[in-house]
Amino acid sequence: MLVFDNEEREKIQFTDLVLRPPFWTDSYYSRAERQEPLDQLVDAPYFADSKDVALLQLADFVAFFLRRYAELENGDGERYAGEHRQVRRWAMQALDCSIGKSAIYPKKGRCRPADLFYEFAPSCLRE
């Protein structure tokens with residue numbers, strides 16, 4: 001299930017992407033010959049205002065800490081004493097609750113699209 005913040009201009013483009021996925025998704029998701037594209041999706045994307053959906057607020061909250069962790073790991077200065085240590089702790093707690101990094105960023109056997117995602121991901125999140 002895919003749930004997104006309510007972005008009207010993005011809704012049509014994303015729905016189109018799900019209904020007609022680009023060719024690279026076949027190799028990225030290891031689609032078998034008789035398998036429908038993106039058949040792992042249970043339903044169409046759901047768009048809602050994050051003010052009304054607690055899980056979207058939680059996703060925004062976690063994304064903030066993951067982004068801030070990547071910034072701090074890449075040399076952005078602390079905004080307060082001990083920020084780096086504290087944000088790292090929160091980021092690790094979030095990552096420990098998610099699917100394994102190896103499922104998101106495999107180290108071996110990547111196709112070209114997976115290589116691109118791996119290359120551009122912050123090293124602190126993929127390793």
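Predicted model: local features only at pLDDT ≥ 70, side-chain atom pairs only at ≥ 80, totals over all residues.

Reader: Fine. Which residues of helix α6 are buried?

Author: In α6, which runs over residues 112-120, the buried residues are P113, A114 and Y118. They cover an arc of only 135° around the axis, which puts them on the same side of the helix.

Reader: Why would residues spaced like that point the same way?

Author: An α-helix has 3.6 residues a turn, so residues three or four places apart point the same way.

Reader: And what is exposed on the other side of α6?

Author: There you will find R112, E119 and F120, which are exposed on the other side of α6.

Reader: What covers the buried residues of α6?

Author: The cover includes two other helices, α2, which spans residues 24-28, and α7, which spans residues 123-126.

Reader: What lines the largest cavity?

Author: The lining consists of T25, D26, Y29, R31, Q35, E36, P37, L38, D39 and Q40, and by class these residues divide into 3 nonpolar, 3 polar and 4 charged.

Reader: What about the second largest pocket, how much space lies in it?

Author: About 220 Å³ of space lies in the second largest pocket. It is lined by 13 residues, of which F14, L17, T25, Y29 and L38 are the closest to its centre. Helix α1, residues 8-19, and helix α2 each supply at least two residues of that lining.

Reader: How does the lining of that second largest pocket divide by class?

Author: The lining of the second largest pocket has 11 nonpolar and 2 polar residues, with no charged residues.

Reader: Last topic, the cysteines. How many disulfides turn up in the whole structure?

Author: The search of the whole structure finds 0 disulfides. C97, for instance, is in no disulfide, and the nearest cysteine sulfur, which belongs to C124, is 17 Å away.

Reader: Is C97 buried or exposed, and where does C111 fall?

Author: C97 counts as exposed because its relative accessibility is 69%. C111, with a relative accessible area of 19%, is buried, since the cut-off for buried is under 20%.

Definitions and conventions. Residues numbered from 1 in each chain as written. Heavy atoms only, no water. Buried < 20%, exposed > 50% of the residue type's maximum accessible area, 1.4 Å probe, protein only. Helix = DSSP H or I, 4+ residues; strand = E, 2+ residues; numbered from the N terminus. Arc of directions from axis to C-beta. Contact = heavy atoms within 4.5 Å. 1 Å grid on protein atoms, 1.4 Å probe; cavity = no way out; pocket = protein on both sides within 12 Å on 5 of 7 lines; lining within 4 Å. Nonpolar A, V, L, I, M, F, W, Y, C, P; charged D, E, K, R; others polar. Disulfide = S-S within 2.5 Å. Points joined across faces, edges and corners; volume = space filled by probe spheres on them.
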